[in-house]
Amino acid sequence: MNERQPDFDAMWTKIESKVQSERMKGSAPAPARRRVRAAAIGLVAAGSLLAMPAFARMPLAWDELWQRFGVETAVKGGFGEAIDRTVTSGGVPFTLRGVVADESQTALLFELGVKPGDRVAAFGEATLIGEDGSETPLHTYFSFDDTEKLSGKLTADRGLGKPSERLRVSAKDVTFYRLAERPVGALSEGKTIALQSGPFREAKITKYAYDAEAELLTIRYEIEATEADALDLAPRFELVMEGKRVPGLNAAVLPSERPNLLVAETSYHTAEAVPAGAEWRFNYLAADERIEGDWTIAFDAAAVQAEAVYRKKLDVAADNDSDMTLRSLTVTPLNIRIALKDFPSNSVFATGEPEVRYRDIALSVDGRIVEGGLWHTDEEGYHLRFETPDWRSDWSNVPMELVMRDASLYRLADAEHLLTLASPSAEPQTIETELNGYPVTYTYYVEGDRLMLESDSPDDRFGGVNQSYIVDGRKKVWSKFEAGPPVRVDNRRKEWFERKDLPDGELLLNPGTYLTLEPERVERVWLNGEEQDDRE
C-alpha cells in the first residue's frame with residue numbers, strides 16, 4: 001500500500017525551499033549554516049567600494065562588492081565589457097559602467113547620481129532585455145558611500161546567448177527607505193503588542209526561552225501586516241544593549257499559513273534571561289523618498305566569458321551514507337558550480353539507513369577555503385555555488401576539494417518502536433524512551449481539539465524528533481508540527497494531532513523521523529587536480 005510520506009523535515013525542506021525562492025528574487029547567497037530571508041527591496045550598505053585594477057579596458061572603482069569576489073575575479077581576469085554610458089531621468093543620472101557575464105549569470109555595474117545618506121534603496125522595476133525581446137528580472141544590490149553617488153550591481157539569472165548580443169537594461173523609479181523603530185518594553189512569552197506602525201497591526205511573542213548552560217536566549221514572534229507585500233519591509237524585533245544592536249544567531253523566517261503573517265525566530269548570546277540594561281525594539285524599513293524615472297540603456301555585450309569556462313563531469317557520491325551525488329563541475333570567472341543529482345530526497349524512507357546532510361559546506365581551491373551554499377534554479381536544478389576566488393588560464397590541474405563539516409544524520413525509527421499513550425487528558429503525562437541510544441522524554445496532553453506532544457533530550461548530540469506518527473490500524477497519522485529554524489539551537493520539539501484524526505482508546509506512538517548530530521564529522525571529496533596527502 002502506498003502511504004503518504006510525511007513532511008520529512010521542515011527545517012530543511014520547507015524552509016530551504018522558501019530561502020531558495022527568496023534567493024531567486026534577489027537575496028545574496030548565504031553560507032550553508034546561515035539561512036535568513038533578505039528584504040526584497042534591497043540590501044543595507046556594508047561600507048564603501050574601494051579602488052581596484054582596471055575593468056577590462058576601462059578604469060573603474062570596484063573592489064569587493066558585498067564581500068563577494070566573483071565579479072572582482074572576473075574583472076581582474078580581463079573579462080567583461082566596458083559600457084560607461086549615462087542617461088538622466090527625473091533629474092537623476094544613471095551610469096552603466098560595465099557588464100560581466102558567464103554562461104548562466106550577467107552582472108551589470110552601475111552608479112546612481114544621488115546622495116542617499118544612510119538609507120536603503122530599491123528600483124521599482126529593473127529588467128534585462130535581450131535581442132529577441134525576452135525579459136529577465138534584475139536583482140539589485142546597492143552600496144552607499146560618502147560621495148554624491150550610489151554604487152551597485154544588477155544581476156540576471158541568464159548568460160549571454162551568443163558571441164555578441166545587443167542588450168538593454170531598463171530601471172524604473174527608485175525609492176529610498178529609512179529605518180523606523182520604536183521601543184516595545186520587556187518581552188515575554190504570550191505577550192501581544194499593538195504596533196500601529198505603518199502597515200503592521202500587531203505582534204505576538206510565541207516563545208521566550210533561555211538556555212542557561214549555553215547562555216542562549218531564543219525568541220519566536222509573529223508579526224501581522226495589513227497586506228503580504230509589507231513583509232518585504234523587513235519587520236523584526238531586535239535586542240539593544242548599551243545603545244548597540246546585539247547580533248542575532250540562527251535568524252530564520254518560518255513557514256506561515258497566512259501570506260500577511262511573518263513568523264520568525266532569533267537567538268542571542270546573553271549572560272542572563274533578562275539582560276540588565278537591555279531594551280527590545282521593533283523596526284522596519286519605511287518609505288522615505290521616491291524619485292520617478294525611467295533609465296534605459298542599450299549596449300553591445302561580447303561573450304568574452306564563453307572561452308573562459310572549465311567543465312568536468314563528475315559521478316561522485318558526496319558521502320557514503322548520502323545519496324547526494326555530484327554530477328558536474330563548472331568554473332567560470334564569476335562562480336564555481338557543482339551540479340547535484342536528485343537532492344534533496346527522502347532516501348531514509350527508501351533504505352531505512354541514516355541520511356547525512358552537512359550544515360557547513362565549503363570549497364578548497366588550491367588551499368584557499370571558499371564558503372558557499374545550496375542553490376536552485378529552474379535551468380540548473382540543485383547545485384552548490386561558490387564565488388570564484390581567482391582566475392587561471394588552465395583549471396585542469398588546480399586542486400579542488402569539497403569540504404563538508406558538522407553533520408546532521410536523519411534517522412527513521414523502527415516500525416516496532418511503539419510507545420503507549422494511555423488516557424491522554426489535560427494533565428501532562430510523560431513517557432521515556434531511547435532513540436539510537438539517546439534518552440528522549442515525551443510529554444503529552446490534551447489542549448482543546450488537539451493532542452499535544454512535546455519531546456526533549458538532555459543530550460546535546462540528539463538533534464530532536466522531526467515528526468512522529470500514531471498507528472491507526474494499517475494507517476499512520478503523522479503529526480503537525482511547529483517548524484524550527486534551519487540550524488536548531490535546542491533539541492526540544494512540539495507536535496500535535498487533531499483529535500478527530502485519531503482512533504479511539506489507547507494510542508500507539510512511533511517517534512517517526514529524528515535527528516542526531518555529529519559536529520566533529522568532516523567529509524572531503526576530491527574534485528579536480530592531483531590529490532594531495534597533506535590535508536588537515
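Residues are numbered from 1 along each chain as its sequence is written, and side-chain values use heavy atoms, with hydrogens and water left out. Because the model is predicted, local features need pLDDT of at least 70 and side-chain atom pairs count only at pLDDT 80 or more, while totals for chains, interfaces and linings use all residues.

**Exercise 1. Describe the surroundings of N491.**

Step 1. Locate the residue. N491 sits in the loop between β30 (480-481) and β31 (493-498). Strands here are DSSP runs of E with at least two residues, and they are numbered from the N terminus.

Step 2. Is N491 buried or exposed? Its relative accessibility is 8%, so N491 counts as buried. Buried means under 20% relative accessible area, exposed over 50%, and partly exposed in between, with a 1.4 Å probe and protein chains only.

Step 3. Find the polar contacts, that is, pairs of N or O atoms within 3.5 Å; within protein, one must be able to donate a hydrogen and the other to accept it, and residues adjacent in sequence count only if both atoms are side-chain atoms. The N491 side chain reaches the backbone oxygen of S457 at 3.1 Å. A polar atom of that side chain also lies 2.9 Å from the backbone oxygen of D459.

Step 4. List contacts, meaning heavy atoms within 4.5 Å. Leaving aside neighbours within four places in sequence, N491 touches S455, D456, S457, D459, D460, F462, G463 and G464.

**Exercise 2. Work out the order of the sheet that contains β31.**

Step 1. Five strands form an open sheet in the order β25-β26-β27-β31-β30, with antiparallel pairing. Two strands pair if DSSP finds at least two bridges between them.

Step 2. Which strands stand at the edges? They are β25 (429-435) and β30; each has a single partner strand, so one side of each is left without a neighbour in the sheet.

Step 3. Look at one pair. β26 (residues 438-447) and β27 (residues 450-456) pair in the antiparallel sense over seven bridges. T441 stands opposite D456 in β27.

**Exercise 3. Identify the residues at the centre of contacts in the largest nonpolar core.**

Step 1. A nonpolar core is a set of buried Ala, Val, Leu, Ile, Met, Phe, Trp, Tyr and Cys residues joined through side-chain atoms within 4.5 Å.

Step 2. The largest has 33 residues, of which L187, F200, I219, I223, F237, W280 and F282 touch the most other members. Strands supplying at least two residues each include β8 (164-183) and β16 (278-302).

Step 3. Another core, of 30 residues, lies apart from it; V99, A121, A171 and A301 are among its members.

Terms used:
Helix = DSSP H or I, 4+ residues; strand = E, 2+ residues; numbered from the N terminus.
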